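The sequence and structure are shown first.

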Amino acid sequence: MDHETQQLKKRLQELADRSARRQSWTFSEFLNLNEQSVLRTIPPWELAAPYRLWGGYEGAERVVACFGSEDLCGYMQDPPIVCVKAEPLSRKFADPLSHRDVLGALMSLGIRREVTGDILLQDNCAYMLCLESMADYIASQLEQIRHTSVRCTVDAQVPEGVTPEPKGAAFVIASERLDAAVAAVYKLSRGESQKLFTQEKVFINGKCTTRSADMPAPGDVISVRGFGRFIYDGVERETKKGRLRVLVRLYPG
């Protein structure tokens with residue numbers, strides 16, 4: 001285990017300890033897939049308090065670890081996550097905004113990635129999940145994304161209809177292995193797919209896996225860093241040539 005991973009594990013355990021000691025909720029900053037994987041590898045008996053993960057909406061990729069429970073704390077508490085909407089001042093002359101454009105604009109303000117969550121785009125508006133403590137700063141300082149002037153407003157949650165919905169798709173694969181499914185979904189060779197596993201870029205339900213020969217279960221969320229994520233829905237039928245037609249739901253992005 002490298003030093004950075006050890007430090008993250010220690011920090012998460014300290015949050016759990018503080019929750020148990022004070023009998024109150026504690027929250028991490030936003031965790032990426034690698035960091036979520038580290039948390040999931042910590043045995044429950046090494047955490048003084050239980051936890052849940054939440055990123056501001058169901059299916060969020062970047063999430064906050066919420067340490068505590070109603071039994072432990074005597075109450076429920078939502079994590080301090082809010083949504084900042086950036087809207088072009090003039091839609092007619094606005095550039096098409098991309099995820100990279102929005103993230104670059106946030107980073108140019110000196111904002112650490114750990115205090116921001118997912119960035120969602122709809123109708124050329126950006127919806128940025130962030131910690132509540134950063135919302136006013138982002139809303140007041142973010143005035144331009146790329147060449148487009150924007151106005152920002154803060155909402156307690158992501159507006160209905162903005163969160164991405166996965167779209168169904170079907171692929172034919174030789175066998176029900178993880179590397180075969182990843183290769184089919186992202187149009188890769190089997191060798192290219194297997195390389196992603198050795199590079200620790202594949203995650204199942206937020207936990208990193210290097211086991212390319214494993215079989216996914218229906219409902220598993222498979223994330224591939226640099227490519228995207230999808231929900232595996234299992235085998236629909238076997239083809240006449242003995243191959244498998246499998247169903248997935250792909251997240252846009």
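Two residues are in contact when heavy atoms lie within 4.5 Å. On that basis, residues 24 or more positions apart account for 63% of the contacts in the chain with a separation of 6 or more.

## Overall make-up

The structure is a predicted model. The chain has 253 residues, of which 43% are buried. Its secondary structure comes to seven helices and 14 strands.

Helix H1 (residues 3-22) and helix H2 (residues 33-41) cross at roughly 65 degrees, with axes that come within 10 Å. The crossing is right-handed. On the H1 side, Thr5, Leu8, Lys9 and Leu12 take part, and they meet Glu35, Val38 and Leu39 of H2. By class, this contact holds four nonpolar, one polar and two charged residues.

Helix H6 (residues 178-185) and helix H7 (residues 190-198) have axes that come within 8 Å and cross at roughly 115 degrees. Here too the crossing is right-handed. H6 contributes Leu178, Asp179, Ala180, Val182 and Ala183 to the contact, while H7 contributes Arg190, Ser193, Gln194, Leu196 and Phe197. Six of these residues are nonpolar, two are polar and two are charged.

In soluble globular proteins, nonpolar side chains tend to be buried together. The largest nonpolar core of this model has 39 residues, and the members that touch the most others are Met128, Ile138 and Leu142. Both strands and helices supply two or more residues to this core: the strands are S1 (26-31), S3 (63-67), S4 (81-88), S5 (116-122), S6 (125-131) and S8 (148-155), and the helices are H4 (99-108) and H5 (132-141). Strand S6 gives the most, with seven residues.

The surroundings of Met128 can be listed in detail. Beyond its neighbours within four places in sequence, Met128 is in contact with Val82, Cys83, Val84, Lys85, Ala86, Val102, Leu106, Asp118, Ile119, Ile138 and Leu142. Another core, of 19 residues, lies apart from the largest one, and its members include Ala184, Leu196, Ile222 and Phe230. Leu196 also belongs to the contact between H6 and H7.

## Aromatic pairs

A pair of aromatic rings is described by the distance of the centres and the angle of the planes. The structure holds four aromatic pairs. One of them is formed by Trp25 and Phe27, which are stacked at 6.4 Å centre to centre with 10 degrees between the planes. Both Trp25 and Phe27 are buried.

Tyr186 and Phe227 form a tilted pair, with 5.5 Å between centres and 50 degrees between the planes. This pair links distant parts of the chain: Tyr186 sits in the loop between H6 and H7, and Phe227, 41 residues apart from it, sits in the loop between strand S12 (221-224) and strand S13 (228-238). Tyr186 counts as buried because its relative accessible area is 15%, under the 20% limit. Phe227, at 36%, is partly exposed. Ring pairs join Tyr186, Phe227 and Phe230 into a cluster.

## Two individual residues

Gln36 is placed in helix H2. With a relative accessibility of 5%, Gln36 counts as buried. Leaving aside residues within four places in sequence, the contacts of Gln36 are Leu31, Leu53, Glu61, Arg62, Val63 and Gly206.

Is Glu87 buried, partly exposed or exposed? Its relative accessible area is 21%, so Glu87 is partly exposed, the limit for a buried residue being under 20%. Not counting residues up to four places away in sequence, Glu87 touches Cys125, Ser149, Val150 and Arg151. The C-alpha atoms of Glu87 and Asn124 are separated by 7.4 Å, although the two residues are 37 apart along the chain.

Conventions:
Residues are numbered from 1 along each chain as its sequence is written. This is a predicted model: local features need pLDDT of at least 70, side-chain atom pairs count only at pLDDT 80 or more; totals for chains, interfaces and linings use all residues. Side-chain values use heavy atoms; hydrogens and water are left out. Axes are lines fitted to C-alpha atoms, for helices over the stretch in contact, and angles run from 0 to 180 degrees between N-to-C directions. Helices (H or I, at least four residues) and strands (E, at least two) are DSSP runs, numbered from the N terminus. A crossing is left-handed if the near helix is turned anticlockwise from the far one by less than a right angle, and right-handed if clockwise. Ala, Val, Leu, Ile, Met, Phe, Trp, Tyr, Cys and Pro count as nonpolar, Asp, Glu, Lys and Arg as charged, and the others, Gly among them, as polar. A nonpolar core is a set of buried Ala, Val, Leu, Ile, Met, Phe, Trp, Tyr and Cys residues joined through side-chain atoms within 4.5 Å. Buried means under 20% relative accessible area, exposed over 50%, partly exposed in between (1.4 Å probe, protein chains only). Rings of Phe, Tyr and Trp (its six-membered ring) pair if their centres lie within 6.5 Å; planes under 30 degrees apart count as stacked, over 60 as edge-to-face and the rest as tilted.
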